[in-house]
Amino acid sequence: MPTPRLYFVDLQTQYQNLKPEIDAAIGRICARGDFVLGEDVKLLEQEFAAFCRVPHCVTVANGTEALHLALLACGVGPGDEVIAPTHTFIASIIAIHETGARPVLVDCDPRYYTLDPVATARAITPRTKALMPVHLYGQPADMDPILDLANQHKLFVVEDACQAHGAEYKGRRCGSIGDIAAFSFYPGKNLGAYGDGGAITTARSDLAEKVWLLRNYGQRVKYEHTCKGFNSRLDTIQAAILRIKLRHLESWNDARRHAAGQYDRLLAGLRLGLPALAPYAKHVYHLYVVQTDDRKKLQGALDDATISHGIHYPIPVHLQPAFADLGYQPGSFPVTEALAPRLVSLPMFPELTQAQIQRVVEACRAVA
Ligand SMILES: *Cc1c(COP(=O)(O)O)cnc(C)c1O
């Protein structure tokens, strides 16, 4: 019998472990009928705010909308510039574009892959309105120099925490550091719904209030519209599922750190660049990303062993056809461009077993 495929993220195992609780919660909401902005939405917002150690959480339809509405709450719009990394998932940049502002891209730090603060400083102009550090792969961006720049130039800091539920920077939770932060509850994220979902967190009640209005047609009272809003709400069923999963998130993040530690130990000495842990970081390993000189060969070995893997991300934002209008060229961001062809993401999820880790290591060892 062939070895079963090792998934990149195994959501089935997690569901089987939680099935009775989740099925009951879904049944309860169907019976009750509060499908939109129901009781579980409010409770999740309280519980996720507590988890992030921040006063306010407002849930929305997905992570991209969380970023979009967070930027709008900060007053970002046409004529403004928002600085963000080119080494990120495209949604960070789409959210900036949606506001009418111009995304100004910068390179990343070669060790930690997050927004380079020195390059960020150089990119600031009189039009800059906000900085968007991305806590990429589950490791926080270096926030102190970014907060300093924001203070000096009176800029908003919008954290893209879509990969960083529970990560910490110098003991502070991602989502509690900038003016406002965006989370995604896409199924594969560290805290994932069974469909799309997202949230903003903030210490500022004025920004929380603005997002709260924007997500629900701009209405405070039914049919009374204070601003031009959107329909961007989290389903009650998804909120109920997320509440059940949130109780496990701390231990799931511990399990990810444990798996990453095993990979670190067992892959050491091979011709692979392993993820570097920043001294300020508590990492939550949304992804475990290695560097290789010969990606085709490593991918071939993983494929032969029926091990699923990913590439995050193969084409930097500034070289995507969709953003050709920003006018960047090959060579604009050398660190990111050098990384892009070298990266491979190995299977990473909390339920990863020692035997599965061993299997990935064997496949890597055969070629690296
Ligand atoms: C997932 C993700 C998003 C977008 O979240 P969606 O819920 O998929 O809209 C934004 N930024 C980063 C870095 C992400 O990983």
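Me: Where is Ser92, and why is Ser92 called buried or exposed?

Reply: This is a predicted model, and in it Ser92 belongs to helix H4, residues 90-98. Buried means under 20% relative accessible area. Ser92 has 1%, so Ser92 counts as buried.

Me: What makes the pair Ser92 and Thr88 a polar contact?

Reply: The limit for two N or O atoms is 3.5 Å. The side chains of Ser92 and Thr88 make their contact at 2.8 Å, so the distance is within the limit.

Me: What makes helix H3 largely enclosed?

Reply: Helix H3 covers residues 63-73, and nine of its 11 residues are buried, so the rest of the structure largely encloses it. Among the buried ones are Gly63, Glu65, His68 and Ala73.

Me: What caps the N-terminal end of H3, and what follows H3?

Reply: Asn62 is the cap: one of its side-chain oxygens is 3.1 Å from the backbone nitrogen of Thr64. After H3 comes Gly75, with a positive phi near 85 degrees.

Me: Which residues come nearest to the ligand?

Reply: There are 15 residues around the ligand, and Gly63, Thr64, Asp160, Ser184 and Lys189 come nearest. A polar backbone atom of Gly63 is 2.7 Å from a ligand oxygen. For Thr64, an N or O atom of the side chain is 2.5 Å from a ligand oxygen. For Ser184, the corresponding side-chain distance is 2.6 Å. The ligand taken alone exposes 380 Å², of which the protein buries 93%.

Me: Why is the pair Arg215 and Glu45 called a salt bridge?

Reply: A salt bridge needs a side-chain nitrogen of Lys or Arg within 4 Å of a carboxyl oxygen of Asp or Glu. The N to O distance between Arg215 and Glu45 is 2.8 Å, so the pair meets the rule. Arg215 is in the loop between helix H7 (205-214) and strand S10 (219-221), while Glu45 is in helix H2, so the bridge ties together parts 170 residues apart in sequence. Arg215 and Glu45 are both buried.

Me: How do you know that Arg53 and Glu168 form a salt bridge?

Reply: Their closest N and O atoms are 3.2 Å apart, and the cut-off is 4 Å, so the pair counts. Arg53 sits in the loop between H2 and strand S1 (56-60) and Glu168 in strand S6, so this bridge ties together parts 115 residues apart in sequence.

Me: What makes S6 and S12 a pair of strands?

Reply: Pairing needs at least two bridges. Strand S6 (residues 168-169) and S12 are joined by two bridges and run antiparallel, so they qualify. Glu168 has Lys282 as its bridge partner in S12. The open sheet of three strands has the order S7-S6-S12, with antiparallel pairing.

Me: Why are S7 and S12 called edge strands?

Reply: Strand S7 (172-173) and strand S12 (281-282) each pair on one side only.

Me: How many bridges join S2 to S3, and in which direction do the strands run?

Reply: Five bridges join strand S2 (residues 81-85) to S3, and the strands run parallel. Ile83 is opposite Val104 in S3. Strand S3 (residues 102-106) is mostly covered, with four of its five residues buried.

Me: Why is Arg32 called partly exposed, and which residue does Arg32 meet in a salt bridge?

Reply: Arg32 has 41% relative accessibility, so Arg32 counts as partly exposed. Its side chain meets that of Asp34 in a salt bridge at 3.1 Å, N to O. Arg32 and Asp34 belong to a network of salt bridges that also includes Arg28 and Arg243.

Me: Where is Leu267, and why is Leu267 called buried or exposed?

Reply: Leu267 is in helix H8, residues 236-267. Its relative accessible area is 0%, so Leu267 is buried.

Terms used. Residues are numbered from 1 along each chain as its sequence is written. This is a predicted model: local features need pLDDT of at least 70, side-chain atom pairs count only at pLDDT 80 or more; totals for chains, interfaces and linings use all residues. Side-chain values use heavy atoms; hydrogens and water are left out. A residue is near a molecule or strand if one of its heavy atoms lies within 4 Å of it. A polar contact is a pair of N or O atoms within 3.5 Å; within protein, one must be able to donate a hydrogen and the other to accept it, and residues adjacent in sequence count only if both atoms are side-chain atoms. Accessible areas come from the Shrake-Rupley method with a 1.4 Å probe; for residues, only the protein chains shown count as cover. Buried means under 20% relative accessible area, exposed over 50%, partly exposed in between (1.4 Å probe, protein chains only).
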